[in-house]
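Please examine the sequence and the three-dimensional structure shown here before reading on.

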Amino acid sequence: MESQTGKTALITGATSGIGLELARLFAQDGYNLVLVARHDDSLRGVASDFEQQYNIRTTTIAKDLMEASAPEEIYQETKQQGLTIDVLVNNAGMGEYGKFATETDLQKELSIIQLNATSLVHLTKLYLKEMVERNEGKILMLASVVSAIPNPLMAVYGATKSFIYSFAEALRNELKDTNVTVTALMPGATDTDFFNKAGAQNARVTDSGLADPAKVAKDGYDALMQGKDKVVSGFKNKMQVAMSHVLPDTVVSEAMRKMMNEKGYEEEEDEESESLTPLAIGLGIATVVLAAGIFLTASSKNANWYEKRRYKQKLQSLTNALTPSLN
């Protein structure tokens with residue numbers, strides 16, 4: 001079968017959740033697919049459905065990216081089949097729920113680092129080099145809202161997502177003089193099997209309105225095709241990430257900890273800490289708004305020195321009020 005675009009996208013973690021929905025979007029637009037996941041049966045089922053529905057060609061590669069040898073084996077298989085990878089989607093990832101010091105398993109966490117970070121770097125190195133040689137290509141990295149926010153009770157997972165975001169932004173800068181783009185997709189909690197596999201199915205965050213993976217995938221796909229550096233999927237998540245840039249890390253971490261605690265978990269709080277959260281949110285929102293105002297004013301050709309100074313003074317006043325009150 002010939003694709004409508006003549007191009008091929010390789011997607012890891014392609015048989016469920018956001019990865020499956022991303023694969024569907026590529027198929028709808030006529031991309032041939034290289035689908036990577038651990039289980040061959042699931043891969044064959046997805047591949048067959050896409051071939052029949054969208055008249056594209058699919059290649060399935062059953063590899064476990066927790067194994068250090070998997071990225072090279074995937075790369076060699078695509079080379080042997082004469083496939084040019086025009087788009088690389090680093091989607092595969094997982095987490096482990098619990099307190100790092102006393103509750104989680106070290107070997108599983110090392111495997112998570114291998115999957116989420118090391119294999120991602122390895123695959124990116126192999127395929128990005130070819131994209132640069134052709135001066136054409138796109139890479140989508142599955143980062144997260146927790147790329148910008150500390151993630152208690154999933155500390156290792158959160159750290160890998162911070163790594164992915166930093167890695168993506170650094171690569172984008174290195175590639176600015178080429179026609180190769182790197183985009184980071186930053187979703188929040190999404191309605192996939194992620195929390196079950198991580199042992200976090202009872203975390204409070206699962207009751208907070210999980211995002212539709214199809215919507216998350218569409219946000220990421222559109223940003224990728226437009227060559228954007230990143231996209232935070234969902235308005236609530238956009239606000240959460242914006243707040244993380246102006247509120248102290250201790251406040252942001254504590255808010256995330258409350259979301260990650262198990263349902264029914266009761267935590268002792270004094271009156272001061274209870275009244276602090278609305279203040280932090282209010283001041284944080286005001287700071288974000290003023291920061292946006294400063295940017296827009298400073299960017300305007302019509303802005304005079306007085307307007308710029310006035311906005312900067314207001315931002316400094318809010319920042320001074322925020323810091324001593326919340327630390």
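The paragraphs below treat aromatic pairs, a buried threonine, two asparagines in loops and a surface patch.

This is a predicted model, in which local features need pLDDT of at least 70 and side-chain atom pairs count only at pLDDT 80 or more, while totals for chains, interfaces and linings use all residues. Residues are numbered from 1 along each chain as its sequence is written, and side-chain values use heavy atoms, with hydrogens and water left out.

A pair of aromatic rings is described by the distance of the centres and the angle of the planes. Rings of Phe, Tyr and Trp (its six-membered ring) pair if their centres lie within 6.5 Å; planes under 30 degrees apart count as stacked, over 60 as edge-to-face and the rest as tilted. By this rule, there are 7 aromatic pairs. One of them joins Phe-26 and Tyr-221, whose ring centres are 4.9 Å apart and whose planes stand at 85 degrees, so the pair is edge-to-face. Because Phe-26 belongs to helix H1 (residues 17–28) and Tyr-221 to helix H7 (residues 213–225), this pair ties together parts that are 195 residues apart in sequence. Helices (H or I, at least four residues) and strands (E, at least two) are DSSP runs, numbered from the N terminus. Both Phe-26 and Tyr-221 are buried; buried means under 20% relative accessible area, exposed over 50%, and partly exposed in between (1.4 Å probe, protein chains only). Together with Tyr-31, these two residues form one aromatic cluster.

Phe-194 and Phe-195 also form an edge-to-face pair, with 5.2 Å from centre to centre and 80 degrees between the planes. Phe-194 counts as buried at 18% relative accessibility, and Phe-195 does so at 8%.

Thr-190 is found in the loop between strand S6 (180–186) and helix H6 (194–198). With a relative accessible area of 6%, Thr-190 is buried. Leaving aside neighbours within four places in sequence, Thr-190 is in contact (heavy atoms within 4.5 Å) with residues including Ile-18, Phe-195 and Val-216.

Two asparagines show positive phi values. Asn-55, in the loop between helix H2 (40–54) and strand S3 (58–62), has a phi of about 55 degrees although it is not a glycine. Asn-135 lies in the loop between H4 and strand S5 (137–142), and its phi is near 60 degrees. With a relative accessible area of 34%, Asn-135 is partly exposed.

Conventions:
Patches are made of residues with over 30% relative accessible area and no salt bridge: like charges are joined within 9 Å, nonpolar side chains (Val, Leu, Ile, Met, Phe, Trp, Tyr) within 5 Å. Accessible areas come from the Shrake-Rupley method with a 1.4 Å probe; for residues, only the protein chains shown count as cover. A salt bridge is a side-chain nitrogen of Lys or Arg within 4 Å of a carboxyl oxygen of Asp or Glu.
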